[in-house]
Amino acid sequence: MVGPLEQALLAAMIFVIMLGMGASLTPRDFLLALRRPYGLGIGVVSQFGFMPLIGFLMTIVLALPAPIAIGLLIVSCMPGGTTSNIFTYFSKGNLALSVLMTVTSTVFGVVLIPLVLLVYASALDLEIPRENIIATLVILLVPVAIGMTLRRVNANAGAVTEFFGSVLALVFIAFIAISWIPRNWQFLMTTAPSTYFVAIMLGVFGITIGYLFARALKLHPRNARTVALETGIQNAPLGIAIIVLTFPGEQQQPIMAVAALYSLFIVITSTLVTLIFRRANTAAEQKMADSLL
């Protein structure tokens, strides 16, 4: 359901998004993460613990058909996206923690995404070609490495690349709205309400559980907001790229339905959540530097 031109545009946008993600990080950030692994551990648990479990439980409870279930599982197993960094900034969260959690979950995702998919797909008796997913993830680490190198060689060029990568993540959603949805309008009009429910509630449940988890661990409210957004906002562009590069054209439409709808609704959900966070009583929050915890 994605033509050759759209596949080329998709590949180019994903490359720039991942390039910008890499440009947001330096080797020093990884050293800092190793010294303070607690915050990153929370992020990994949120991304690859809570989100896939939420997707799995919704699949069981709603008895989703196999293609929709596959699409939901793929989206729920994705790492954080650069979109979460933008909403973290506007929600007065911890931007440094957000960026580090995004990139680290992407790096860990090369191993954890296929592993988690294997566990849940086997439990649901679903067939997902994991070899293609692993190959796609490894290839997408290349622009991340290039972005990090660019940031190290020229800080200004790295900052510009980071900015364009973040903006392009939102442009990507507009691309989906303009390209995929109109051509599949009839399919979406006949899509079961359960598909819309899981596409919307995956983000809602993720943000809510991520926030409650962070507060239960007594994290500072700024960091709790960050963990919440990082948990609920998945890298949907990466999920769509995996679907396009993994499944043949005739199978893509129902599998991509959740990813496409999630891409649209997560922006609405995150905007509402950001407004709620900004209206929170931040006056009582002590001033703190952008650190990991």
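## Overall make-up

The protein chain holds 13 helices and zero strands. The model is a predicted one. Read from the N terminus, the order of elements is α-α-α-α-α-α-α-α-α-α-α-α-α.

Of the 293 residues in the protein chain, 54% are buried. The accessible surface amounts to about 12,700 Å², and carbon and sulfur atoms supply 71% of that area. Among the contacts in the protein chain with a separation of 6 or more, 84% join residues 24 or more positions apart.

## Helices α7 and α12

Two packed helices are described by the angle between their axes and the distance between the axes. Helix α7 spans residues 130-153 and helix α12 spans residues 236-246; they pack at an angle of about 130 degrees, and their axes are 10 Å apart.

## Cover of α12

How many of the eleven residues of α12 are buried? Ten of the eleven are, and the helix is mostly covered. The buried residues of α12 are Ala236, Pro237, Leu238, Gly239, Ile240, Ala241, Ile242, Ile243, Val244 and Thr246.

An α-helix has 3.6 residues a turn, so residues three or four places apart point the same way.

## Helices α11 and α13

Helix α11 (residues 221-232) and helix α13 (residues 249-278) have axes that come within 11 Å and cross at roughly 170 degrees. An angle over 145 degrees counts as roughly antiparallel, and α11 and α13 are therefore roughly antiparallel to each other. Arg225, Ala228, Leu229 and Gly232 of α11 make the contact with Tyr262, Ile266, Val273 and Phe277 of α13. By class, the residues of this contact are six nonpolar, one polar and one charged.

## Helices α4 and α10, and Ser76

Between α4 and helix α10 (residues 193-216), the packing angle is about 5 degrees, with the axes 11 Å apart. Angles under 35 degrees count as roughly parallel, and α4 and α10 are therefore roughly parallel to each other. Ile68, Leu72, Val75 and Ser76 of α4 form the contact with Thr195, Val198 and Leu202 of α10. The contact of α4 with α10 has five nonpolar and two polar residues, and no charged residues.

Ser76 belongs to helix α4, which covers residues 66-76. Its relative accessibility is 0%, so Ser76 counts as buried. Leaving out residues up to four places away in sequence, Ser76 touches Gln47, Met51, Pro52, Gly55, Leu202 and Gln234. One of these, Leu202, is among the α10 residues in the contact of α4 with α10.

## Thr59 in α3

Thr59 is part of helix α3. With a relative accessibility of 5%, Thr59 counts as buried, because buried means under 20%. Apart from neighbours within four places in sequence, the contacts of Thr59 are Leu64, Ala69, Leu72 and Leu124.

Thr59 and Ala69 are ten residues apart along the chain, and their C-alpha atoms are separated by 5.9 Å. Leu72, which is in contact with Thr59, also takes part in the contact of α4 with α10.

## Loop residues with positive phi

Most residues other than glycine have a negative phi, and most peptide bonds are trans. Ala63, which is not a glycine, has a positive phi of about 50 degrees. Ala63 sits in the loop between α3 (37-62) and α4. At 61% relative accessibility, Ala63 counts as exposed, because exposed means over 50%.

Lys92 is not a glycine, yet its phi is positive, at about 65 degrees. The loop that holds Lys92 runs between α5 (82-90) and α6 (95-123). Is Lys92 buried, exposed or partly exposed? The relative accessibility of Lys92 is 36%, so Lys92 counts as partly exposed.

Terms used
Residues numbered from 1 in each chain as written. Predicted model: local features only at pLDDT ≥ 70, side-chain atom pairs only at ≥ 80, totals over all residues. Heavy atoms only, no water. Axes fitted to C-alpha atoms, helices over the stretch in contact; angles between N-to-C directions. Helix = DSSP H or I, 4+ residues; strand = E, 2+ residues; numbered from the N terminus. Buried < 20%, exposed > 50% of the residue type's maximum accessible area, 1.4 Å probe, protein only. Contact = heavy atoms within 4.5 Å. Areas by Shrake-Rupley, 256 points an atom, 1.4 Å probe, with all protein chains shown as cover. Parallel < 35°, antiparallel > 145°, perpendicular 65-115°, else oblique. Nonpolar A, V, L, I, M, F, W, Y, C, P; charged D, E, K, R; others polar.
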